[in-house]
Every structure is written in C-alpha cells, then in structure tokens.
Amino acid sequence: MQQQREAALRHTFFAEQAASEGFTNAVGLFHAISESSTRQANKMTAILGEQEEKFTPSPLDSLAIKNSVKSTIENVQFALTTATRFSQLAAKYHTTADQEGVRSIGDWFDRQDRIQQMVNEITQKTYDAMTQSGDDSEIPSSWSVCVHCGYADATFRLPSTCPICPQPCDEFEIFQ
C-alpha cells in the first residue's frame with residue numbers, strides 16, 4: 001500500500017510539472033491518477049482491517065520522488081509503464097489469492113487490474129496525443145474518480161454507475 005501512496009505523491013508532482021509546462025489537461029489526469037492510487041490503497045487497508053494512517057513520506061523519500069520528475073511527456077510515459085506493470089502484477093496476485101482461498105483479497109486485485117487497465121488506456125491515449133501534436137488539447141480536460149474504489153475515467157464518458165464497484169457515478173470526485 002505504501003507503493004500506491006508513493007505513486008499518488010509522484011503523480012501529484014507530475015501534475016505540478018505539467019502545470020509548469022502549460023499542459024492544463026494533463027494536470028487533471030495526473031491528479032485523477034493520484035487520487036485513484038490513494039483510494040485503492042485505502043480500500044486495501046479497509047479489507048485488511050488495518051487502521052488507515054495518513055501517509056507522510058520522509059523528507060528524503062519525498063525529495064527522491066520529486067527529483068524523479070521529468071518532462072510531462074516523459075512522466076506520462078513513466079505513468080503508462082508503471083500502470084502496465086501494476087496491472088500485470090494485480091492479475092497474477094488475483095489468481096494466487098483465489099487459489100489460496102482468500103476471496104476478498106482476490107476480488108481486490110481483480111478490481112485493481114480492471115482499474116489499471118483503464119488507467120493504461122487513458123494514459124496511452126494521452127501519450128499518443130501529446131507525442132503526435134506536442135500538446136494536450138486532444139485529451140479530456142475533466143477526469144473523475146470513484147470515491148469508493150478509485151476507478152478513474154474521463155468525466156464526459158462516465159456511465160450512471162461505476163463499472164468496478166457499481167456505486168452511483170454522482171459520487172465521483174472531479175479533477176480538471
């Protein structure tokens with residue numbers, strides 16, 4: 001869960017970099033991915049029955065994460081690579097948890113895999129649009145995150161209920 005919280009912090013720094021480069025639509029995407037990572041970590045904490053702790057990285061960890069920030073296009077590429085890797089791990093862990101009879105953990109990893117696949121899709125489209133046009137005008141300017149499970153998607157195409165945890169989408173948090 002700490003890795004997801006660190007990913008959330010990294011994406012917050014990515015959003016700051018995107019803002020400094022004038023990529024306003026990418027700012028919302030990075031904030032949405034950050035919030036999605038936080039929600040996913042919180043859900044796992046609840047499943048494990050652990051006390052939810054406020055994530056406070058050490059100053060050195062925070063500095064190391066901040067120093068890993070590169071250009072916005074490189075950050076989008078990094079986000080895509082890590083989302084793909086996490087999706088592959090989540091699918092593997094889902095199978096293992098099911099084989100070991102730990103259904104709640106298996107279900108959580110299944111949801112994580114589906115969420116990460118969506119993050120992969122939107123991040124790939126963002127990367128493709130930015131590398132082809134040099135700007136972020138072709139990516140959505142508004143992103144939404146389910147407050148229950150962390151599912152993230154472009155606001156304009158949200159269904160009436162979350163496709164991961166079937167909660168109403170009117171409870172989604174919006175990032176622009």
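User: How many salt bridges does the count come to?

Analyst: The count comes to eight salt bridges, a salt bridge being a side-chain nitrogen of Lys or Arg within 4 Å of a carboxyl oxygen of Asp or Glu. The model is predicted, so local features need pLDDT of at least 70 and side-chain atom pairs count only at pLDDT 80 or more, while totals for chains, interfaces and linings use all residues. Residues are numbered from 1 along each chain as its sequence is written, and side-chain values use heavy atoms, with hydrogens and water left out.

User: What makes Glu-16 and Lys-66 a salt bridge?

Analyst: Their N to O distance is 3.0 Å, and the rule asks for within 4 Å, so the pair qualifies.

User: Why is Glu-16 called partly exposed?

Analyst: Its relative accessibility is 40%. Buried means under 20% relative accessible area, exposed over 50%, and partly exposed in between (1.4 Å probe, protein chains only), so Glu-16 is partly exposed. Lys-66 is also partly exposed, because its relative accessible area is 40%.

User: What makes Arg-103 and Asp-107 a salt bridge?

Analyst: The closest N and O atoms of Arg-103 and Asp-107 are 3.8 Å apart, which is within 4 Å, so the pair counts.

User: Why is Arg-103 called exposed?

Analyst: Arg-103 has 56% relative accessibility, so it counts as exposed. Asp-107, at 27%, counts as partly exposed.
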